[in-house]
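Reader: I should like to learn how to read features in a structure. May we go through some together?
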Amino acid sequence: MIETAQRMRSFHTSVFTDLHALKQEYEQKSGKSALDFSLGSPNIAPESSIMDVLSKAVLVPKNYRYAINPLPSMIKAIQDWYQKRYDVFLESDEIALLQGSQEALINIPLIFCDPLDGVLVPDPYYPTYIDAPKLAGATILYMPLRKENEYLIDFDQISENDRKNAKIMIVCYPNNPTGAIAPDSFYTRLIQFAKENDILVLYDNAYSELVFEGKPGKSFLSFPGAKEVGVELNSFSKTYGMAGARLGVLVGNKDVIHQYKILKSNMDYGVFLPIQYAGIQALKHGGASIVKTREEYERRRDLLIQRFANSGWTIPKSAATMFLWAPIPARYENSLEFSKQLLKQCGIIVTPGLSFGKEGERYVRIALVVNEEQIEEASKRIQEARSSLF
């Protein structure tokens, strides 16, 4: 075997790959179907007009050429959507088109971090937030998100040494995995903090359209000074159900966007044109589907919380996203132990909070990617195992 590079020694198969293997093992041994609440892969398809545009575009021979530059109509649709949705004006050189927002999460540290430079990462975190700095050889500087602080970053607790060493700060609200949202005062403080410490803000806004109770999602860029210190990621995956048709945007600081485009020009040949046409359709005419998607996740959230409470598991309401951040019973040592028991006794798969960092030890993440019938079945199974589970 050829020895792998040193950087690979900190990488393992993803938690979702491991959970899938456990799911297969359970189903083979029990002969029953597992109920999978782990991977946040939307089971709500794009509205029909988006799929129609995509299906027609894939039959056009010329659409199979390289898409080195985004379609001008794609860039215009992004500009119009950001203006209408967030009241944010974007110049064309403030926009980079992505093959899903995860692309930029991986690449930004490669562009801006030399080995041992610091990246401030929230804990709990989306796993890519730490994988990307590892790949770049950067140092991960954790920012604990805790219930007593409403899962907001506590800027006062970031040490002087971390402030000095950090080049990038990753921020995500609505937050995955906690489901928390941030008040306007948080964004003002974030921008001030970044300016004072010369830190680039990488703002992950993938869930801005999945905010509940009638509250509008926000853009980091809508706050004064944001473009001076950062960029924002937005995604078509959760908003329009286009998770497999990889499409996202990186917008904001034009110097960062310029450097990103330089790297991207050496790595790929752009987003498949039919997917761009589908994205244009989504931005122009997909507004009604966003409302329906948000309402569906809110219904699932409320049903699951009610049914699971009746079965003995009390879970707080999330303010946003397609996830619930659920505390585990006190009798379990950690979230991994509880997750294994939940699968063994009930055939229910959730993601252990430890997969999202140290602060997730007493939690599991539940993805609302199943229908109401499956939620009812899950609550029934928990009720049947209640005495031994809790």
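Author: Let us begin with burial. In this predicted model, both Tyr173 and Phe186 are buried.

Reader: How is a pair of aromatic rings described?

Author: Two quantities describe a pair of aromatic rings: the distance of the centres and the angle of the planes. Tyr173 and Phe186 form an edge-to-face pair, with 5.1 Å centre to centre and 70 degrees between the planes. Tyr173 lies in the loop between strand 5 (166-172) and helix 7 (184-197), and Phe186 lies in helix 7, so the pair ties together parts that are 13 residues apart in sequence.

Reader: Are the rings of Trp325 and Tyr363 stacked or edge-to-face?

Author: Trp325 and Tyr363 form a stacked pair, with 5.0 Å centre to centre and 10 degrees between the planes. This pair links distant parts of the chain, since Trp325 belongs to strand 9 (residues 323-327) and Tyr363 to strand 12 (residues 363-367), 38 residues apart. Trp325 and Tyr363 are both buried.

Reader: How many aromatic pairs does the structure hold, and which residues do ring pairs link into a cluster?

Author: The structure holds 22 aromatic pairs. Ring pairs join Phe155, Tyr173, Phe186, Tyr187, Phe193, Tyr203, Phe220 and Phe223 into a cluster. A ring may also have a charged side chain over its face: Arg365 lies over the face of Phe323, at 3.8 Å from the ring centre.

Reader: Let us turn to helices. How many residues has helix 7, and how far does it reach?

Author: One compares the reach of a helix with the expected span. Helix 7 has 14 residues and reaches 20 Å from its first C-alpha to its last, close to the 20 Å expected at 1.5 Å a residue.

Reader: Which residues of helix 7 are buried, and which are exposed?

Author: The buried residues in helix 7 are Phe186, Tyr187, Leu190, Ile191, Phe193, Ala194 and Asn197. Seen down the axis of helix 7, these buried residues fall within an arc of 160 degrees, so they line one face of the helix. Ser185, Thr188 and Glu196 are exposed on the other side of helix 7.

Reader: What covers the buried residues of helix 7?

Author: The cover includes strand 3 (118-123), helix 6 (160-165), strand 5, strand 6 (200-204) and helix 8 (226-229). Just after helix 7, Asp198 takes a positive phi of about 55 degrees.

Reader: What span should the 24 residues of helix 12 have?

Author: At 1.5 Å a residue, the 24 residues of helix 12 (residues 287-310) should span 34 Å, and the end C-alpha atoms are 35 Å apart, which agrees. Among the buried residues of helix 12 are Ile290, Tyr297, Leu303, Leu304, Ile305 and Phe308, as well as Glu296, Glu298, Arg300 and Arg301. Helix 9 (237-240), strand 9, strand 12 and helix 14 (372-384) are included in what covers the buried residues of helix 12. Gly312 follows helix 12 and has a positive phi, near 110 degrees.

Reader: Where does Asp36 lie, and which residues does Asp36 touch?

Author: Asp36 lies in strand 1 (residues 35-36). Not counting residues up to four places away in sequence, Asp36 touches Lys23, Ile349, Val369 and Val370. A polar contact of 2.4 Å joins the side chains of Asp36 and Ser38. Asp36 is partly exposed, with a relative accessible area of 24%.

Definitions and conventions: Residues numbered from 1 in each chain as written. Predicted model: local features only at pLDDT ≥ 70, side-chain atom pairs only at ≥ 80, totals over all residues. Heavy atoms only, no water. Phe/Tyr/Trp six-rings, centres within 6.5 Å; stacked < 30°, edge-to-face > 60°. Helix = DSSP H or I, 4+ residues; strand = E, 2+ residues; numbered from the N terminus. Buried < 20%, exposed > 50% of the residue type's maximum accessible area, 1.4 Å probe, protein only. Lys NZ or Arg CZ within 6 Å of the ring centre and 35° of its normal. Contact = heavy atoms within 4.5 Å. Polar contact = N/O pair within 3.5 Å; in protein donor to acceptor, adjacent residues only side chain to side chain. Expected span 1.5 Å × (residues − 1). Arc of directions from axis to C-beta.
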